[in-house]
Amino acid sequence: MFKSVRFIVCVAGLALAGTAQLRADKPGCEYQPVDVEKYGGQLLRLPPEIRSVDRELDARLTLAYSMQPIAGCETHLRLYDGLLTGPTLEVSPGDTLNVDVVNNLPPDPPPPSDNINDPHGFNRTNLHTHGLHVSPAGNADNVLLEVQPGRRFQNEIKIPRDHPPGTFWYHPHVHGSTAIQVGSGMAGALIVRGGIDYLPQIERMTEQIFVFQQIPYDKNGEVEDFDESFGPGVWDTSHRQTTINGQIFPVIHMRPGEIQRWRMIHGGVRESLELVLDGHQLNEIAVDGLVTGRIDSWNRLELQPGYRSDVLIRARALPAGRQRAEFILYDGETPASRSLLAVDEDRQALAKVVVEGPPMSMQMPSEAALQRFVPFAPIERIDGYQEAVFNISGGQFTVNGREFSPDHRRVLELGKAEEWTLNSLRVNHPFHIHVNPFEHERIGPDGRPQRVWRDTLLVRQDTPIKIRTRYTKYIGTFVLHCHILDHEDQGMMELVEVRLPGSPPDGRHAHMSHEHVAMADEAGHGHGSSARMAAGDAEESEEAYEPPSRVRKSIDDLEPEELENYLHAVRRLKEISDQDPTSKDGYDYFAALHNSGSVGPCEHARDSFLPWHRAHLVEYENALRRSDPPRTSEVTVPYWDWTRIPSGSRYPTIIEDPNSVLYHRGRRTTEICRPGQTNGCEPLPFPWTVIDETLDDAPGWQGEGPYFFGGESNEDPVCRDRQDQAYGALESPSHNDMHSRYIGGAMRSPTTAAEDPIFWSFHAFIDLLWDHWQARSTSSKVDSCLDCQLCGLFKDPQNNVDPWTVKDTVSTAALDYRYEFTPDEVAPAAARVAAFRAVPFDSHPAAGMVSALAPQAAGSQDLLVPTRVDQTVSLRLSSVPRPADVSYRGEVYLHPATESFRPGDPEFRKLYLFDLYSIWRGHGDHARPDVDVVIDLTKEVEALSVFHAGELWKVSVAVVPSEEPTADGERAAAPAPDALMFDAARLQGLGQPSENR
């Protein structure tokens, strides 16, 4: 009887019923429209923040009943830390999220029936991190755990280093109580910071967090009666108001022309939001936390429960003589055909935007810059098919005709990519699946189809849609469900288990029932059957599948035994060279392969640059393995991970230890600034910023200039005919400048580089990037020298000059190694570490290469910004000198003509420096004549044309000498190009040379 009565209320929207009606209504809690001007109008408050420190975020979320006023009603709600919106948790990729969940709620009454799909146990809890790609097992994001009243539990959730940065959120997720607890306000933002957060344009923006909630408190100010709080029409009938961060109708202040970034999270249970900001567009850059690579300008933006959207809002300019303007953010009127619950919804005012103050000039990021941070490659190959059909029928809430059962699960195979068909047979339902996001094709604001990655998607009645997803990295059991959370609590949920390939169909399962409830003592140590279940899950499903291959790890992540075995192998190679300098098994031989101008004369500035170094590393690694077996049989070259702060003052700790075989006295030793430091250290360089910006913009292998990945391919395999081809993005500036300006010493010059043992870990990371690029590019032709004649690599004792052929491969596994954090088709985690944000760094990605020496102005070129760009815009620097006695860097700026050219001004550099090129001094057979350098400005000019059409800007170049002295002990001036001019063959009439210095 309980089930059928609840179904009638939920579907038909009949008169509300429940125990709450037997009590007198609390004053101020009546069902009546809310006066938003009376109860709103306060400045938007952001929830308190808890940030990670030293790669760990430690937080305690205490769940208890608390009193909080909402629109004149003194509510009595289950809340985290007494807050209507929980604290914001902020981490970076690679951090560990430690959350101590303390349940101070009173004991639950007995469940209303033996049916697990009757809502019950409203005081049990756990923690779900919505949208994170993390382990679902053990004490990670395990929604099968339950923390009973009066108990606590420590969640430990490891964020992978390659996790996409973005906007996520957290909330409880115990089946039967999810809607009651989330509906009470138990939810908060979870930010993974990185990637686009450090684009200069976005870093300048004020960031707002909007957690939208619909708290369906009854006339007693409580959320206790399931039927009274949820159901079609209940929200509208009650006249409750959507809150933002627990506030009604808050105010956001902006200046004219200012751009703010709004991270918007729908943390409600069952209400559609159709966001409209009058007079403004909502410029969306991320969906469900994941960067789209576009700026989609919406007049009306849909948010369903569980959805997130990152939007950029540019405040309108004020008319002449006007000092202030107000604009309203609405949840627009929604017809039944678009409504989540197929009922008409009235317009509701959500917030006020006040525009006043001095105007600001701010720029949107370019779509080219955003494109670099799209987290996943499109899914083109399908391994299988799945179907999920939501329905409400006969009093049951089902997926594929079945109510939730802990004894039934959908089994999926790790590593597969499958296409799912989603459908609803009755009303509309938001589909959500844990752990792995999915790819969906939607119609953009321009009416064209576009692919986006997300984790929650509305499925409209009788309108099947298709999605594609991969099951990567994690095995274990989790759930898919309808994100109308009262539907989930009533059975519209299904267990999903990802297993290793070849696992038996009757493998061990993790079960959930009323008896399997997690218990924890006050110290946070679990006991009881569900705690054992979690431990069994963790034992069964390690976080990541490890294929049987030798693994190259970060040198800072080696186990003590692994590190000592590597150091021992390097010592052995040096001992062999000491005994016999000509031995091909000694360290000196492998150093000479790179250092000697007569042995390896043409590995740089051509398409064999990457495979040459890969083959070099592989052969060096083989020598390490055979140096002292069996101790050294599994040794690999560890990489120096540039995506995170070094463990030492400048390099990984072991490389800085004077007693280590990896130490070299000639390196630069100035400490890198840590947060709180101001003097005696370098403010950067943190090289990943440069690499990330430079490489992700490289569209392919071939082409001229630094905008192509590896270099220019040529089918002629003879190296002497291929020395003058273009640099690739990975070699210059990333590889070349890091050699000299970050490390220095022997590494400064290719004629001595491999004398420093840091060389190998340095180039292992270069190889990791090459590995990623190959993995991402296999869907199209990889036009690179994969089967190269690598001049001078494997010479006989007489140093025979005949070239040898070495096969490079798009699969490192074929070479018997892989990289520790190399996921399938996903680039390494981007951008600076969050801990650096406390230091006032120059935010331009090229800042990592800034030398202590002042840039010297070289020349400028006028550029009249066009109204549109429909052909390539490029700048040619003619006759760029390649001197024999000095290396130098060129810096390219794009700035308004009204701004004087000030390359030595840090603020000017931050705003206008957009590209650089490097010229190494002549050495051995690397000496080459002067060259022309072509700089592609197309994407930058396209961005300028949006807001600066018709304005006069300048392209200016400065040169920066290296710190190395010339032969006579003096520092030479960096030579300037003979002329700057727009390449007439590519663009006509865009500007004329204005000056040359």
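Here are some notes on the cores, strands and ring pairs of this predicted model.

1. Let's start with the largest nonpolar core, which has 56 residues. Phe212, Trp262, Leu275, Trp420 and Phe431 have the most contacts inside it. Strand S20 (residues 348–356) is the top contributor, giving four residues. Worth a look on the domain side: domain 1 (2–371) and domain 2 (384–544) each supply at least three residues to this core. As a background remark, nonpolar side chains in soluble globular proteins tend to be buried together.

2. What does tryptophan 262 touch, leaving aside its neighbours within four places in sequence? Its contacts include Gln208, Phe210, Ile252 and Met254, then Leu277 and the run Ser309, Asp310 and Val311. Ile313, Leu329 and Val353 are also in contact with tryptophan 262.

3. There is a second, separate core too, with 50 residues. Among them are Leu610, Ile654, Ala753 and Trp770.

4. Now for strand S30 (residues 476–482). Seven of its seven residues are buried, so the strand is largely enclosed by the rest of the structure. Gly476, Phe478, Leu480 and Cys482 point one way, while Thr477, Val479 and His481 point the other way.

5. Which strands pair with S30? One is strand S25 (residues 429–433), which runs antiparallel to S30 and is joined to it by three bridges. Here phenylalanine 431 sits opposite cysteine 482, and Phe431 is also one of the residues with the most contacts inside the largest core. The other is strand S31 (residues 493–499), antiparallel to S30 over six bridges, with valine 496 opposite phenylalanine 478.

6. Is threonine 334 buried or exposed? With a relative accessible area of 2%, it is buried. Beyond its neighbours within four places in sequence, threonine 334 is in contact with Glu274, Arg300, Ser339, Val343, Asp344 and Glu345. Its C-alpha atom is 7.5 Å from that of arginine 347, which is 13 residues away along the chain.

7. On to an open sheet of four strands, ordered S3-S2-S5-S7 with mixed pairing. Strand S3 (73–80) and strand S7 (152–158) are the edges, each pairing on one side only. On average, neighbouring strands are turned by 25° against each other, direction ignored. Strand S5 (residues 96–103) pairs with S7 in the antiparallel sense over seven bridges, and leucine 97 has isoleucine 157 in S7 as its bridge partner.

8. Last, the rings: the whole structure holds 20 aromatic pairs. Tyrosine 893 and phenylalanine 908 make a tilted pair, because their planes are at 35°, with the centres 5.6 Å apart. This pair links distant parts of the chain, with tyrosine 893 in strand S40 (residues 888–896) and phenylalanine 908 in helix H17 (residues 906–912), 15 residues apart. Tyrosine 893 counts as buried at 0% relative accessibility, and phenylalanine 908 does so at 1%. Phenylalanine 908 also forms a tilted pair with phenylalanine 901, at 6.1 Å centre to centre and 55° between the planes. Phenylalanine 901 has a relative accessible area of 17%, so it is still buried, as the cut-off is under 20%. Elsewhere, ring pairs link Tyr587, Tyr589, Phe590, Tyr620, Phe759 and Trp760 into a cluster.

Technical notes: Residues numbered from 1 in each chain as written. Predicted model: local features only at pLDDT ≥ 70, side-chain atom pairs only at ≥ 80, totals over all residues. Heavy atoms only, no water. Core = buried A, V, L, I, M, F, W, Y, C linked by side-chain atoms within 4.5 Å. Buried < 20%, exposed > 50% of the residue type's maximum accessible area, 1.4 Å probe, protein only. Helix = DSSP H or I, 4+ residues; strand = E, 2+ residues; numbered from the N terminus. Domains from an automatic or database assignment. Contact = heavy atoms within 4.5 Å. Pairing = 2+ DSSP bridges. Axes fitted to C-alpha atoms, helices over the stretch in contact; angles between N-to-C directions. Phe/Tyr/Trp six-rings, centres within 6.5 Å; stacked < 30°, edge-to-face > 60°.
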